[in-house]
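Q: I would like to learn how to read a few features of a structure, one at a time. Could we start with a hairpin, then go on to cores and a chain contact?

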Amino acid sequence: MTRFFQVQRYTAILLVVFMALHMIVVHYPPGHIDFGRVIERLENPVWKAIDIAFLLTVLVHGLSGAWVVLVDIGKVNPFRKVLAVLIAIVGVAAFIYGTMTIIAFQLPT
Amino acid sequence: MFKTTGFISFVLRRFTGVVLVLYLLTHIWVLGAANQGVEAFNRRMELFQSPVTITLEVLLLAAVVYHGFDGIRLLIVHYFNVTDQRKSLFYAAFATAALLTIVGGVPMLLFAFGIG
Amino acid sequence: MTAQEQTIQARVHIQRYNPDVDRKPYLQTFDVPVPQGMTILDALAYIKAEIDGSVTFRRSCRHAICGSCAVNVNGKNMLACNTPLRTVLTKKNEVTIRPLSFQPIIKDLVVDRSAFWEQYLKVKPWLIPPENSGPKEYRVTPEEVKALNRAETCIMCGACYASCQVVAMNRQYIGPHALLKAFLRVLDPRDSAPAERLELVSGTDGVFRCHTIFNCIDACPKNLNPTEAIETLRKLTQRRLAFEKEREERQKTL
């Protein structure tokens with residue numbers, strides 16, 4: 001649990017940075033979002049790397065947070081190991097799919 | 001019972017957290033349209049540009065900034081001995097979140113309803 | 001007589017429940033004359049002696065040291081014996097007294113506190129001295145005593161435990177009272193097993209189940225600070241073996 005708490009805290013600190021960046025770069029100023037607007041930024045492999053790191057951080061923080069919310073309920077607590085496995089599967093699947101999406105942002109050749 | 005600032009922050013934190021996780025998974029799935037090419041992505045994104053969805057996105061922004069500043073507040077509590085200032089810390093976090101929601105939300109609404 | 005000294009009439013609502021007769025708890029109202037300086041416990045004693053002898057509550061010392069009489073007054077946990085009744089009256093001179101939350105009611109204001117004590121024993125609340133402790137006295141510095149300032153005067157009244165919403169959700173949680181005691185023992189320079197204690201509180205039901213709601217601080221009648229203690233334990237669990245080494249060094253100089 002010590003490690004778990006540390007991971008949650010460090011990802012939280014990282015997320016403050018990532019989320020601020022994400023909001024400013026991607027959504028500000030608000031406007032029509034289509035492939036063209038996204039590709040302007042994601043052409044750059046550095047942004048791709050940043051987005052993949054962001055994806056990983058937010059999944060770890062979010063899904064372990066969801067696990068804690070569920071496990072906190074006394075009646076769910078006995079199933080915490082099964083839940084952990086299920087949530088880990090969801091996390092891995094979401095990470096693979098999300099990474100594929102980020103890589104898919106290429107200028108059509 | 002025990003509706004203290006700590007409890008209010010706890011409920012809001014849990015609620016926004018759960019909402020954000022559900023949103024995150026949906027978000028990953030929605031953007032996944034890019035895997036099917038440019039056309040599919042643009043068609044999918046077109047669905048989310050209506051005034052209604054952008055208004056919902058303002059609520060999402062509120063959830064994100066609240067969860068974020070509540071988290072910063074807890075980091076401050078963890079690293080510094082400030083439990084005696086718990087109430088002011090909560091009000092500060094809440095006010096900052098509200099302010100940022102307004103600052104970020106107003107341009108979104110202006111865009112959504114085609115003003116300015 | 002000035003207005004301050006006048007006796008006022010208060011309507012005291014008490015949650016009654018007798019498991020042999022009642023299907024669920026209900027509120028009963030008593031009219032109590034409140035002279036200057038009457039505490040909540042005095043009012044309860046007045047009701048028991050003058051109005052209804054079947055009203056049941058715990059009390060013993062009457063000066064906030066035995067920890068028997070914690071009750072929930074107007075939604076807040078406090079000691080009945082050191083709270084003047086006038087300070088908790090609403091504008092209509094009313095007050096609602098309920099038993100401590102989240103625990104099974106035995107009768108009226110008396111709750112079954114076994115869970116509280118079981119969790120308390122889990123953290124080994126006693127001091128474990130070093131094996132080779134000689135006949136000499138321990139000398140502890142004023143700074144070390146000061147660090148324990150907001151932990152050592154706990155009277156085990158259960159006000160914090162019964163205001164903790166984590167306890168409400170999950171009875172497996174060790175609870176603020178026991179974690180505060182663990183903190184007291186871990187930071188005590190005379191204790192020789194801090195690593196073992198930190199190992200114990202770092203499990204799934206220990207310090208990391210706390211969600212920093214601060215209700216324990218608000219509830220504590222002794223102005224102690226369980227939340228800060230839990231945060232300190234969280235930091236220490238991350239370097240528990242190094243901390244034990246420091247403790248061994250410290251004990252050589254005792």
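Q: Which residue takes a positive phi in the hairpin of β3(C) and β4(C)?
A: This is a predicted model, so the values are computed from predicted atoms. In a regular strand the side chains alternate between the two faces of the sheet. In this hairpin 2 residues sit between the strands, and N74(C) has a positive phi near 50 degrees. Strand β3 (residues 70-73) of chain C and strand β4 (residues 76-79) of chain C run antiparallel, joined by 4 bridges. A70(C) has L79(C) as its bridge partner in β4(C).

Q: Which residues touch the most other members of the largest nonpolar core?
A: In soluble globular proteins, nonpolar side chains tend to be buried together. Here the largest nonpolar core has 65 residues, and L179(C), F183(C) and L233(C) touch the most other members. Helix α5 (residues 176-186) of chain C gives the most to this core, 7 residues. The core lies between domain 1 (3-111) and domain 2 (114-252) of chain C, because both give residues to it. Leaving aside residues up to four places away in sequence, L179(C) touches I174(C), V201(C), V207(C), P226(C), A229(C), I230(C) and L233(C). Another core lies apart from that one; its 19 residues include L15(A), V58(A), L63(A) and A66(A).

Q: How many residues of chain A are in contact with chain C?
A: On chain A there are 9, in contact with 12 residues of chain C. Helix α1 (residues 2-27) of chain A supplies the largest share of the chain A side, 4 residues. By type, that side has 4 nonpolar, 4 polar and 1 charged.

Note on methods:
Residues numbered from 1 in each chain as written. Chains lettered and ligands numbered in written order. Predicted model: local features only at pLDDT ≥ 70, side-chain atom pairs only at ≥ 80, totals over all residues. Contact = placed C-beta atoms within 7 Å. Nonpolar A, V, L, I, M, F, W, Y, C, P; charged D, E, K, R; others polar. Pairing = 2+ DSSP bridges. Core = buried A, V, L, I, M, F, W, Y, C linked by C-beta atoms within 7 Å. Buried ≥ 20, exposed ≤ 12 C-beta atoms within 10 Å, placed from the backbone. Domains from an automatic or database assignment.
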